[in-house]
Amino acid sequence: MSKPFYITTTLPYVNAEPHIGFAMEIVRADVVARFKKLQGYEVFFNTGTDEHGMKIWQKANEEGKDPQSYADVWAEKFKNLQKKLP
């Protein structure tokens, strides 16, 4: 049975465009995850976005939007970034 290995990234707020810093973090974590898998570990790689909190509520209100709808639109942009990196 393989050994478990868990790795995660920070979860950025979805109140602004994804940026190169987050992209670099995903790439670095992915490199570690792939290396550990090659070493025989059972890898769980977790990443995502933080869609809660005051910052999201404030930005949604500034734009006159519902916080959930606002977060959904921005979260999709972060998902698209991840699809472009592999």
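Predicted model: local features only at pLDDT ≥ 70, side-chain atom pairs only at ≥ 80, totals over all residues.

User: Which secondary-structure elements does the chain contain, and what pattern do they follow along the sequence?

Analyst: The chain holds three helices and two strands. Read along the sequence, their order is β-α-β-α-α. The radius of gyration is 16 Å, well over the 12 Å that the globule rule gives for 86 residues, so the chain is more spread out than a compact globule. The C-alpha trace spans about 50 × 25 × 15 Å along its principal axes.

User: What share of the contacts between residues at least 6 apart in sequence joins residues at least 24 apart?

Analyst: That share is 71%. As for the surface, its accessible area is about 6100 Å², and carbon and sulfur atoms contribute 58% of this.

User: How many positive and negative side chains are there, and how far apart do the centres of the two sets lie?

Analyst: There are 12 positive and 11 negative side chains, with the two centres 9 Å apart. In general, side chains of opposite charge can pair when their charged atoms come close. The cut-off applied here is a nitrogen of Lys or Arg within 4 Å of a carboxyl oxygen of Asp or Glu. By that criterion, the whole structure has four salt bridges.

User: Where in the chain do Glu 17 and Lys 77 lie?

Analyst: These two side chains form a salt bridge at 3.4 Å, N to O. The pair links distant parts of the chain: Glu 17 belongs to the loop between β1 (4–8) and α1 (20–38), whereas Lys 77 sits in helix α3 (residues 67–84), 60 residues apart. Glu 17 is partly exposed at 47% relative accessibility, and Lys 77 is partly exposed at 32%.

User: What separates Arg 34 from Asp 30 in helix α1?

Analyst: Arg 34 and Asp 30 are four residues apart in helix α1, which means a separation of about one helical turn. Their side chains meet in a salt bridge of 2.6 Å, N to O. Asp 30 has a relative accessibility of 22% and therefore counts as partly exposed.

User: Is Glu 62, the partner of Lys 59 in a salt bridge, buried or exposed?

Analyst: Glu 62 is exposed, since its relative accessibility is 62% and the cut-off for that class is over 50%. Lys 59, by contrast, is partly exposed at 27%. The N to O distance in this salt bridge is 3.8 Å. Lys 59 and Glu 62 stand three residues apart in helix α2 (residues 54–62), so about one helical turn separates them.

Key:
Residues numbered from 1 in each chain as written. Heavy atoms only, no water. Rg over C-alpha atoms; globule rule 2.2 N^0.38 Å. Contact = heavy atoms within 4.5 Å. Areas by Shrake-Rupley, 256 points an atom, 1.4 Å probe, with all protein chains shown as cover. Lys, Arg positive; Asp, Glu negative; His and termini not counted. Charge placed at Lys NZ, Arg CZ, Asp CG, Glu CD. Buried < 20%, exposed > 50% of the residue type's maximum accessible area, 1.4 Å probe, protein only.
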